[in-house]
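Here are a few notes to read with the structure open beside you.

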Amino acid sequence: MQKTKSTAWILALTLGAVLSYDRAHSAGAAEQPALAEGARKEGSLIIYSLLAVPDHSRIVNRFKEKYPFLEVSLIRPGASERITARIMTEARAGRHSVDVIGVSRLNMFHLIQRGLVMSYESPERRQFDAAFKDKKGFWTAFYVNPEVMSYNTNLVPAAAAPKNYQDLLDPRWKGKLVLEQTAVEWFAALLQHWGEDKALAYMRRLAGQNLKTINGNTLITQLIAAGEHAAAVTLNGPRVELTKRRGAPIDWIALDPTVVDIVAMGIATQAPHPNAAKLYLNFVLSREVQEGLLEEQFVKPSGRTDVKSAFMAKMRGARVQFVSVDETIGDQWERYEKLFPKIFNVQ
């Protein structure tokens with residue numbers, strides 16, 4: 001009898017979840033025609049985004065095939081900090097030019113704090129892992145960048161590669177490891193996760209390995225692939241994976257925990273074209289774009305749980321905990337920026 005009740009309870013919960021999903025899906029589907037009609041009247045859309053223009057243009061072109069009545073302006077002012085600074089400057093001047101914003105999670109937080117990002121519950125958000133969206137609808141992951149330990153496969157056999165953070169402290173790695181000069185977010189995320197006492201003790205021991213600090217994540221990836229250095233403590237995982245797929249002798253391992261930098265997408269509070277902005281956000285968060293373009297074409301992993309991703313499958317297969325570069329880091333960012341180069345002797 002108890003088993004029957006338990007089975008009935010599970011079935012009821014499952015049915016409830018399915019019905020809830022169907023209602024939300026129906027509501028989202030019903031919203032689209034109204035958004036499209038509103039966007040048609042607005043006629044334009046302006047995007048400030050971190051994704052490289054050649055890649056993002058392919059997404060925009062796919063969007064314009066569906067909504068040819070929209071004139072889309074895609075602007076990449078530079079790194080997240082420059083995009084954020086531009087939006088703040090425009091807001092102070094009373095100019096509200098941007099509709100859709102794509103920046104790092106940390107920079108998105110700065111914009112939200114200043115009331116420059118609206119809350120919009122896109123119907124696509126329900127398919128995203130809770131770690132890759134906020135609870136209030138301000139942002140959702142456009143794509144994610146897990147940080148991985150990387151090594152040259154000609155210089156380091158897979159069996160000998162470091163498998164955890166402690167392995168990086170082995171004396172045989174002294175003088176053979178590279179660290180990116182601006183890996184402050186990785187550093188800060190681990191301090192937050194481990195607690196400062198434990199994390200700083202570890203970081204000081206890691207610094208004692210005579211790390212070579214180099215500026216430029218892409219450059220370090222190229223140097224590891226070329227055999228100039230044996231291994232890197234932390235690199236942009238998707239970039240390493242793409243380099244590997246192109247035939248370079250490079251591979252990666254996800255250490256536990258794995259720090260994940262999220263490139264977030266949101267809508268400006270005073271977007272001049274709000275309907276077009278919502279229509280575009282729904283589009284870029286859809287499985288069509290997340291899987292068919294970002295994942296398969298650009299190796300930009302998705303935060304959606306229903307997207308097939310060889311990269312994320314390997315990440316999840318490693319059973320690592322994801323640690324996001326979150327808002328709590330922002331409060332102490334200046335201190336972390338000063339502490340990191342001091343510990344790792346970055347000139």
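1. First, a word on exposure: buried means under 20% relative accessible area, exposed means over 50%, and partly exposed is what lies in between (1.4 Å probe, protein chains only). With 17% relative accessibility, Ser324 therefore counts as buried. Please keep in mind that this is a predicted model, in which local features need pLDDT of at least 70 and side-chain atom pairs count only at pLDDT 80 or more, while totals for chains, interfaces and linings use all residues. Residues are numbered from 1 along each chain as its sequence is written, and side-chain values use heavy atoms, with hydrogens and water left out.

2. Ser324 belongs to strand β11, residues 322-324; helices (H or I, at least four residues) and strands (E, at least two) are DSSP runs, numbered from the N terminus. Which residues does Ser324 touch, not counting residues up to four places away in sequence? They are Arg105, Val260 and Ile262, where contact means heavy atoms within 4.5 Å. With Arg105 there is also a polar contact, side chain to side chain, at 2.7 Å. A polar contact is a pair of N or O atoms within 3.5 Å; within protein, one must be able to donate a hydrogen and the other to accept it, and residues adjacent in sequence count only if both atoms are side-chain atoms.

3. Now to helix α7, residues 217-225. Its buried residues are Asn217, Ile220, Thr221, Leu223, Ile224 and Ala225. The elements covering them include β5 (140-152), β6 (177-180), β7 (212-214), β8 (231-236), α8 (237-245) and β9 (250-253). After α7 comes Gly227, with a positive phi near 85°.

4. A helix pair is worth a look too. Two packed helices are described by the angle between their axes and the distance between the axes. For α2 (residues 53-66) and α9 (residues 274-284), the axes come within 11 Å and cross at roughly 115°. Axes are lines fitted to C-alpha atoms, for helices over the stretch in contact, and angles run from 0 to 180 degrees between N-to-C directions. Since 65 to 115 degrees counts as roughly perpendicular, α2 and α9 are therefore roughly perpendicular to each other. On the α2 side the contact is made by His56, Ile59, Val60, Arg62, Phe63 and Lys66, and on the α9 side by Ala276, Leu279, Tyr280, Phe283 and Val284.

5. Some backbone details deserve a check by eye. Asp256 and Pro257 are joined by a cis peptide bond, with omega about 5°, and Pro257 sits in the loop between β9 and β10 (258-268). Asn210, in the loop between α6 (196-207) and β7, has a positive phi near 55° although it is a residue other than glycine. Is Arg319 buried or exposed? Arg319 is exposed, at 73% relative accessible area. Arg319 is not a glycine, yet its phi is positive at about 55°, and this residue lies in the loop between α11 (310-317) and β11.

6. At 33% relative accessibility, Ser73 counts as partly exposed. Leaving aside neighbours within four places in sequence, Ser73 is in contact with Leu45, Ile46 and Ile47. From Ser73 to Arg245 there are 172 residues along the chain, and their C-alpha atoms are separated by 32 Å.

Methods:
Parallel < 35°, antiparallel > 145°, perpendicular 65-115°, else oblique.
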